[in-house]
Amino acid sequence: MKKAALAIASVVALSACSSMGFNNSPVTAAAVPTWKDAEANEFIPANQRAAAALIALANVNQQIDIARPLIVTTLANINSLEESSTFGRIVAEQVSGQFTRSGYKMIEMKFRDKVFIRQNVGEFLLTREIKDVAQSHSAQAVIVGTYAESDKLVFVNLKLIRPVDNVVISTVDYAIPMDKTVKALLGRR
C-alpha cells in the first residue's frame with residue numbers, strides 16, 4: 001500500500017513539474033511557437049522572393065551564368081557599414097539558399113581567408129577586396145546588401161554586382177515588418 005501511494009505521489013509530482021516552465025510558471029499552448037507559427041511568418045518567404053527577383057532581373061539580359069559561382073556577403077547596417085546583426089547574417093543565408101535552390105553555385109565565405117570577418121558580425125567584402133576575392137574563387141558576381149531600421153519596418157536593399165568593374169547587374173528593395181522576432185534578430189529588446 002505504501003509503495004502504491006508513493007508511486008502515485010511521484011507521478012502527480014512529476015506531472016506537476018512537467019507542466020511548469022523553467023521559472024516555475026505554467027507553460028501555455030499559446031506561449032510555445034508551433035510549426036504553423038513559423039510557416040505563417042513572412043520573414044523567410046520575403047527573403048526568398050527578393051532573391052528570386054534578383055535572379056530574374058539578372059537573367060533578363062543573361063547577365064549571370066548558372067554554371068559560374070557567386071558570393072554573398074552579410075548585409076550591413078546602412079548607418080554603420082562595418083556593422084551587422086543576426087538579421088543581416090540570416091538574410092544573407094536565406095538569399096544564398098534561394099540562389100542554391102535555383103541551381104547557382106554559391107561560394108561559402110565563412111571558410112575563406114580574404115574576407116573581413118569579425119566575430120558576431122559576419123562576412124564583409126571591402127570594396128578594394130571584392131575583385132581579389134571574386135577572382136580567386138572565379139566568382140562572376142557578388143551579392144551585397146544593406147538594411148535600415150524604422151519603428152515598423154526594416155528596409156532591405158540587395159544588389160548583384162559584377163566585381164570586375166563594380167557594375168550593378170540587378171537590385172531589389174523590400175521591407176520586413178518589425179515584429180518581435182525581427183527585433184530580436186536586430187539585437188533590440
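Reader: In the hairpin of β7 and β8, which residue takes a positive phi near 60°?
Author: This is a predicted model, where local features need pLDDT of at least 70, side-chain atom pairs count only at pLDDT 80 or more, and totals for chains, interfaces and linings use all residues. Residues are numbered from 1 along each chain as its sequence is written, and side-chain values use heavy atoms, with hydrogens and water left out. The hairpin has four residues between its strands. The residue with the positive phi is not a glycine; it is asparagine 166.

Reader: Where does asparagine 166 lie?
Author: Strands here are DSSP runs of E, at least two residues long, and helices are runs of H or I, at least four, both numbered from the N terminus. Asparagine 166 sits in the loop between β7 (153–162) and β8 (167–177).

Reader: How accessible is asparagine 166?
Author: Buried means under 20% relative accessible area, exposed over 50%, and partly exposed in between, with a 1.4 Å probe and protein chains only. Asparagine 166 is partly exposed, with a relative accessible area of 36%.

Reader: How many bridges join β7 to β8?
Author: Two strands pair if DSSP finds at least two bridges between them. In this pairing, phenylalanine 155 stands opposite alanine 175 of β8. The two strands run antiparallel, and their bridges number 10.

Reader: How many aromatic pairs does the count come to?
Author: Rings of Phe, Tyr and Trp (its six-membered ring) pair if their centres lie within 6.5 Å; planes under 30 degrees apart are stacked, over 60 edge-to-face, the rest tilted. By this rule the count is three.

Reader: Why is the pair of phenylalanine 87 and tyrosine 147 edge-to-face?
Author: The ring centres are 5.2 Å apart. The planes meet at 65°, so the pair is edge-to-face.

Reader: Which parts does the pair of phenylalanine 87 and tyrosine 147 tie together?
Author: Both residues are buried. The parts are 60 residues apart in sequence. They are helix α4 (residues 86–101), with phenylalanine 87, and strand β6 (residues 141–149), with tyrosine 147.

Reader: What is the angle between the planes of phenylalanine 99 and tyrosine 104?
Author: Phenylalanine 99 and tyrosine 104 are both buried. Their rings form an edge-to-face pair, 5.6 Å centre to centre, with the planes at 65°.

Reader: Which residues do ring pairs link into a cluster?
Author: Phenylalanine 87 and tyrosine 147 form an aromatic pair. The cluster linked by ring pairs is Phe43, Phe87 and Tyr147.
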